[in-house]
Amino acid sequence: MKLVNDLLDIIYDASTDAHNWSVALTAINNYFNASGSFIIRSKDISFSNNTEWVSSENISDIINKYLNSSWCHRDYFNSELQNRGKFKTFSDFGLIFSSVDSSHPNHKDFFAMHNIAQSVGSMMFLPDTGIVIFRMLYEEGGGGLTRALRRNLEHLLPHLDRSVRISAQMPLSHARTTTMAIQGMGSPVALVGRDGCILSASEDMERILLALTATRTIGRLTLANQAVQKIFDSVISAAISGPMPIGRSVPLRVSGLPPLVLHSVPIASDIRTLFPLPAAVLTLTPIGTVSAPPPSLLQALFGLTPAESRLAQGLAEGRPLDALSEQWGVSRETLRTQLRSIFAKTGTNRQAELASILTSISLSLPSNTKFPNIN
């Protein structure tokens, strides 16, 4: 019983940490006396696009060859899975046992080369994700599953199902948290997955991306400007394959906005995951405009009052004190009193010094920038 509980702990650890999926599958592999185990996620049974996989440590090279060649498309086992129907959980789908058909081309040309004689597995469907296949492989003469181990495997399926479902939500949860953190600094931001799809975006970035987007092909961001699209694609590719990814920047023009620079910074990852981790961060900064942090950020950084933060932002954007007094209907003396308090809280003595500090920490578009209404 302790061994079973330890196995469940490892499986649930994998649900929240993608590094542990290979460890979990290796543990499953060892417990059920299999020669290898793996999980594949794909949009459909053809494995034609957006396919990710993880495996036990000992068969990663075999599964990589299996999915990057035509073998997976001709696998009799996958046909059996497809014929069973669509179920939302591994438990409802149940287990499928299949011995290798020696007359099938896959046996002679692929499985026999790796001494694989039997498979056992299951499949489930996730909303907006596609299919997830769990499969264990057994070698010739390995004995396969005993009756007792089969019962334990059936009891394990609901836990494996829940772990996969939790794992499916984690990248999106992390992306939203990261987006909120960067957005809190006042910067329009979006996180892009390894498949080129937007995982999460701040509201202002969403509006700008809508103005730049031509179409969304299978969820992937497709920009109207081909030059920008080329740079975007190169950043995503670098994040997937490059050990030392390099960020790229490209100027943009959007109607109703000042000239912008789109910064695309890849996020390197050395692990395989079933669900798309963020591959790049997209942020925007203006060109040739003086920007200042939003009032909420100034309040948090320096302890300014709402009125003081509004004045600090206005001065950082280069607007004279007299103009602000007239615009807001506040006396010049009141603003001077607020300014003295701002100097004390920010450790500055002159307006130029204050503006320099505030603009140097800013990553945002000016708060008075009007975003276009895009239907």
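Five strands form an open, antiparallel sheet, in the order β2-β1-β5-β4-β3. The model is a predicted one.

- Strands of a sheet pair through backbone hydrogen bonds, in parallel or antiparallel fashion.
- The edges are held by β2 (52-55) and β3 (96-99).
- Each of these edge strands has a single partner strand, so one side of each lacks a neighbour in the sheet.
- From one strand to the next, the twist averages 20°.
- Strand β4 (residues 116-126) runs antiparallel to β3, and four bridges join the two.
- In this pairing, phenylalanine 97 stands opposite valine 120 of β4.

**Helices on the sheet**
- Helix α2 (residues 21-31) packs on the sheet and touches β1 (36-42), β2 and β5 (130-139).
- The direction of α2 makes about 135° with that of β1.
- Helix α3 (residues 60-67) also packs on the sheet, touching β1, β2 and β5.
- The direction of α3 makes about 155° with that of β2.

**The α12 and α13 pair**
- Helix α12 (residues 321-328) packs with helix α13 (residues 332-346) at an angle of about 120°.
- Their axes are 9 Å apart.
- Because of that angle, α12 counts as oblique to α13.
- The crossing of α12 and α13 is right-handed.
- On the α12 side, Leu321, Asp322, Leu324, Ser325 and Trp328 make the contact.
- On the α13 side, the contact is made by Arg332, Leu335 and Arg336.
- By class, the contact of α12 with α13 has four nonpolar residues, three charged and one polar.

Definitions and conventions
Residues numbered from 1 in each chain as written. Predicted model: local features only at pLDDT ≥ 70, side-chain atom pairs only at ≥ 80, totals over all residues. Heavy atoms only, no water. Axes fitted to C-alpha atoms, helices over the stretch in contact; angles between N-to-C directions. Parallel < 35°, antiparallel > 145°, perpendicular 65-115°, else oblique. Left-handed = near helix turned anticlockwise from the far one by under 90°. Contact = heavy atoms within 4.5 Å. Nonpolar A, V, L, I, M, F, W, Y, C, P; charged D, E, K, R; others polar. Pairing = 2+ DSSP bridges.
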